[in-house]
Amino acid sequence: MDVLSEKYASSVLKFLYEHDNVKKKDLRHIVKTVSTLDKLLNEMAEQGFIQLKLRIEGRRTYIIALTPKGREVAKKIKEMDDVMTGKSIPKATLCIDIPEG
């Protein structure tokens with residue numbers, strides 16, 4: 001199954017694009033349940049969008065980072081989101097003046 005069709009995938013990718021190398025707990029505001037987040041992150045890692053790095057800091061901490069593939073997809077998702085929310089105008093926009101009358 002394509003992980004990008006999962007409910008929270010685009011939101012997680014956009015967050016990682018804006019805040020690279022985050023702790024897993026930093027994604028809890030996007031995905032509320034630990035089991036759903038774990039499943040999504042594992043699928044995203046298997047499909048090459050993210051890297052999960054285990055760091056021992058007293059407790060086990062997972063650091064999540066985008067791969068080059070994930071960064072490219074996240075960039076496109078963010079660009080589309082910016083266009084849809086009016087934050088930017090697509091480069092391919094064509095303006096035509098229509099004469100009156």
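In the predicted model, the axes of helix α1 (residues 9–18) and helix α3 (residues 68–84) come within 9 Å and cross at roughly 105°. On the side of α1, the contact is made by S10, L13, K14, Y17 and E18, whereas α3 contributes G70, R71, V73, A74, K75, I77, K78 and D81. Sorted by class, the residues joining α1 to α3 comprise six charged, five nonpolar and two polar ones.

Within α1, the buried residues are A9, V12, L13, K14, F15 and L16, and of these L13 and K14 also take part in the contact with α3. The cover over the buried residues of α1 includes, besides α3, the strands β1 (22–23), β2 (50–57) and β3, together with helix α2 (34–46).

Strand β3, which spans residues 59–66, contains T61. With a relative accessible area of 14%, T61 falls under the 20% limit and is therefore buried. When residues up to four places away in sequence are not counted, T61 touches K23, K53, L54 and R55.

As to the aromatic rings, K69 lies over the face of F49, at 4.5 Å from the ring centre. Aromatic pairs, by contrast, number zero in the structure.

Terms used. Residues numbered from 1 in each chain as written. Predicted model: local features only at pLDDT ≥ 70, side-chain atom pairs only at ≥ 80, totals over all residues. Heavy atoms only, no water. Phe/Tyr/Trp six-rings, centres within 6.5 Å; stacked < 30°, edge-to-face > 60°. Lys NZ or Arg CZ within 6 Å of the ring centre and 35° of its normal. Axes fitted to C-alpha atoms, helices over the stretch in contact; angles between N-to-C directions. Helix = DSSP H or I, 4+ residues; strand = E, 2+ residues; numbered from the N terminus. Contact = heavy atoms within 4.5 Å. Nonpolar A, V, L, I, M, F, W, Y, C, P; charged D, E, K, R; others polar. Buried < 20%, exposed > 50% of the residue type's maximum accessible area, 1.4 Å probe, protein only.
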